[in-house]
Amino acid sequence: MKQRTLGRNGPTVSALGLGCMGMSAFYGGRGDEAASIAVIHRALERGVTLLDTADIYGPHTNEVLLGKAIADRRDAVFLATKFGIRLDPDDPSVRGVDGRPEYVQSSVEGSLKRLGVEHIDLYYQHRVDPNVPIEETVGAMARLVEQGKVRYLGLSEAGPDTLRRAHATHPITALQTEYSLWSREPEDNGVLTTVRELGIGFVPYSPLARGFLTGAIRSVEDFDQDDYRRNSPRFQGENFAANLALVDKVNALAADKGCTPGQLALAWVLAQGDDLVPVPGTKRLKYLEENLGALDLVLDQADLAAIDAVFPRDAVAGTRYPASMMSTLNR
C-alpha cells in the first residue's frame, strides 16, 4: 500500500482511505452488517489504514458498525470521525450545527463509547458553527488532545479564514472537503492554496461524485427510494442529462486507458498532489478492489490535459447540495 502524510508534520496513512458512511446512511441498500464488516476487513488486509465515519451517519449506527469491525484490529487503523451536525429529534430531516465547547466534550464521549476505543486518531468538526467563534470550538477540541481522547484535529468544509484562525489556536492536521472532477471549488475558493500554505493535509470526500463518476448511474431510477441522491440538484432533470454527457466522455477516456471510469476519476484526484488522501466510500468488495486499483494507474500530463478537455472545471450543472445546505459550506 502506498503511503501519504497528512499535512506537513502529520501522521502517515494509506494513500487511499475508506469512507464508511454509505454502509449506514443516505444511500440505498443499507443494512447488511456482515457485508459491510467484510469490506472493512478486506480494506485493512489490503493495507488501507484511514477509516472515515461520523456521529451523524445513521445517526450513530455507523460508528457502532465500525467499532465492531475493528474491535480485534485497532492497531491497524487510523480512525477518523466527526461531530457537529445535529438532527432535530422530532424531525430528522431538519439539521443544525453545534460547535459549543460543552457539545464538543459530550460528542467525543459518545463517539468513543460507540466505537469502543480509548482514543480517536483524527477528530473533525463536521461543519463550522457560525454562532460560535472557531477559536472556542477548536480550543475545546484541543483539550480533548490534552485528555488523550483525540490525537489530531481536523475541520470539514471550512473556508480559508476559518482555517487560519483554527490553525492559530491549535494545529489542524487535515481538512476534509468534497473534491473530484465534478467538485473543483477548492481550486477556486482559496482552500487548496491555504491548506498547502499552512501545511494542513487535504482529505477529499466523494472523490467519485457519489458514485456518478463510475458510469454505473444512468437514471435517477437507479437509486433506491430512500437514497438522498434522488433530491440532489446535480441528479435532477436537465442537470442530470448534462452531467451524464460529461461522464460519458470520461468513460471513453477510461476505455482508451484500459481502466474503469471510477479508477480514472480516482487517479485524477490522486494526481492533484501527494498531500491529498481521498476517502472513496463503498459497501461492496467488488468496488473496494476496483478503487484500490486506481493506486496503480499513472496519469501523465497528456492524460490530465485530455481529462480537463472533456471535463472542464466549471462544466458541472447544479449545486452539490440543496440550497438549504449550501450555506453551511466553506464557512
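Is Asp52 buried or exposed, and why does it count that way?

Modeller: Happy to, and please keep in mind that this is a predicted model. Asp52 counts as buried because its relative accessibility is 5%, and the cut-off for buried is under 20%. You will find the residue in strand S4, which covers residues 50–52.

Now for its partners. The Asp52 side chain makes a polar contact of 2.7 Å with the side chain of Lys82. Another polar contact, at 2.9 Å, links the Asp52 side chain to that of Gln176. If we set aside neighbours within four places in sequence, the residues in contact with Asp52 include Leu18, Gly19, Cys20 and Met21, and also Tyr57, Ala80, Tyr124 and Val279.

Helix H2 spans residues 61–70, and seven of its 10 residues are buried, so it is largely enclosed by the rest of the structure. Those buried residues are Asn62, Glu63, Leu65, Leu66, Gly67, Ala69 and Ile70.

Helix H3 leads us on to a pocket. The second largest pocket has a volume of about 240 Å³. Among its 13 lining residues, His60, Ile85, Arg86, Leu87 and Tyr103 are the closest to its centre. Strand S6 (85–88) and helix H3 (101–115) each give two or more residues to this lining. By class, the lining is made up of six nonpolar, three polar and four charged residues.

Note on methods:
Residues numbered from 1 in each chain as written. Predicted model: local features only at pLDDT ≥ 70, side-chain atom pairs only at ≥ 80, totals over all residues. Heavy atoms only, no water. 1 Å grid on protein atoms, 1.4 Å probe; cavity = no way out; pocket = protein on both sides within 12 Å on 5 of 7 lines; lining within 4 Å. Points joined across faces, edges and corners; volume = space filled by probe spheres on them. Helix = DSSP H or I, 4+ residues; strand = E, 2+ residues; numbered from the N terminus. Nonpolar A, V, L, I, M, F, W, Y, C, P; charged D, E, K, R; others polar. Buried < 20%, exposed > 50% of the residue type's maximum accessible area, 1.4 Å probe, protein only. Polar contact = N/O pair within 3.5 Å; in protein donor to acceptor, adjacent residues only side chain to side chain. Contact = heavy atoms within 4.5 Å.
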